[in-house]
Amino acid sequence: MPKRDREATRTRLLEAARLRFAREGYDATSVRDIAGDAGVDATLIFRYFGSKKRLFDEVTADLPAGLPDGPEEELVARMLRAVVFHDWTRYGGEHPLVAMLRSSAHDDARQRIRREVCDTYVDALRDLAEGDDRELRAELLSAWLVGIGILRSVVTTPALAGASADDLAPHVEAVASALLGRPMRGATGSEG
């Protein structure tokens, strides 16, 4: 098979796996499903990736890391835009962490979720919070933001699914300011 065809096949497999894992999670996704979606024989998954687990690892390896730069008082607004309002078409329209959540029966997926959420979001919010129980308040705010993302993209509740970042801005500002114990700016600005 020419190199270009191998690369195209590998790319199709990655795209099909990304969507399947995002929609159904690791356990509910079969190698045959992925291969069928990509229009190839299932044995090619083992040839290119070695195993379903290694394919999953590669698909989830490109999870966005880090937070967008900007003023501290706008961190929550940037998080909201990056997590909730970013274009996640590559992942079936949902944040890639949702795929990880659907696969959380596996310890390594659970650990990756914990690292992504704690090491990125919770730590950044904790560093902004004031007061003795800042870790708890940072986790509460993180849980709220993740919940917004899930209700908006997975559950598609009508009000959240139809809301813009500007619609959420005053509410985000109020909750974030209360939980962090300092003034925060809402989510106004570009969405994505």
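Biologist: Before we start, which pLDDT do local features need here?

Modeller: This is a predicted model, where totals for chains, interfaces and linings use all residues, side-chain atom pairs count only at pLDDT 80 or more, and local features need pLDDT of at least 70. Residues are numbered from 1 along each chain as its sequence is written, and side-chain values use heavy atoms, with hydrogens and water left out.

Biologist: OK, charges then. How many salt bridges does a search of the whole structure find?

Modeller: Side chains of opposite charge can pair when their charged atoms come close. The rule here asks for a side-chain nitrogen of Lys or Arg within 4 Å of a carboxyl oxygen of Asp or Glu. Searching the whole structure that way, the number of salt bridges comes to 10.

Biologist: Which residue forms a salt bridge with Glu24, and is Glu24 buried or partly exposed?

Modeller: Buried means under 20% relative accessible area, exposed over 50%, and partly exposed in between (1.4 Å probe, protein chains only). Glu24 has 29% relative accessibility, so Glu24 counts as partly exposed. The closest N and O atoms are 2.9 Å apart, and the partner is Arg20.

Biologist: Which residues are linked with Arg20 and Glu24 in a network of salt bridges?

Modeller: Arg20 itself has 15% relative accessibility, so Arg20 counts as buried. The network that holds Arg20 and Glu24 also takes in Asp33 and Asp37.

Biologist: How many residues apart in sequence are the parts that Arg182 and Glu72 tie together?

Modeller: Arg182 and Glu72 form a salt bridge, with 3.2 Å between the closest N and O atoms. Arg182 is in the segment after α10 (165–180) and Glu72 in the loop between α4 (52–61) and α5 (75–83), so the separation of the parts they tie together is 110 residues.

Biologist: How wide is the arc that the buried residues of α4 cover around the axis?

Modeller: The buried residues in α4 are Lys52, Leu55, Phe56, Val59 and Thr60. Taking directions from the helix axis to the C-beta atoms, they sit on the same side of α4 because their arc is only 125 degrees.

Biologist: Which exposed residues does the face of α4 turned away from its buried side carry?

Modeller: The buried side includes Leu55 and Val59. On the face turned away from that side, the exposed residues are Arg54 and Ala61.

Biologist: What is the angle between the planes of Tyr26 and Phe56?

Modeller: Rings of Phe, Tyr and Trp (its six-membered ring) pair if their centres lie within 6.5 Å, with planes under 30 degrees apart counting as stacked, over 60 as edge-to-face and the rest as tilted. The count comes to four aromatic pairs. Tyr26 and Phe56 form an edge-to-face one, with centres 5.3 Å apart and planes at 75 degrees.

Biologist: Last one: which backbone oxygen does the side chain of Ser142 reach?

Modeller: Ser142 is found in helix α8 and is buried, with a relative accessible area of 5%. Beyond its neighbours within four places in sequence, Ser142 is in contact (heavy atoms within 4.5 Å) with Tyr121, Val122 and Leu125. At 2.9 Å, its side chain reaches the backbone oxygen of Ala138.

Terms used. Helices (H or I, at least four residues) and strands (E, at least two) are DSSP runs, numbered from the N terminus. A polar contact is a pair of N or O atoms within 3.5 Å; within protein, one must be able to donate a hydrogen and the other to accept it, and residues adjacent in sequence count only if both atoms are side-chain atoms.
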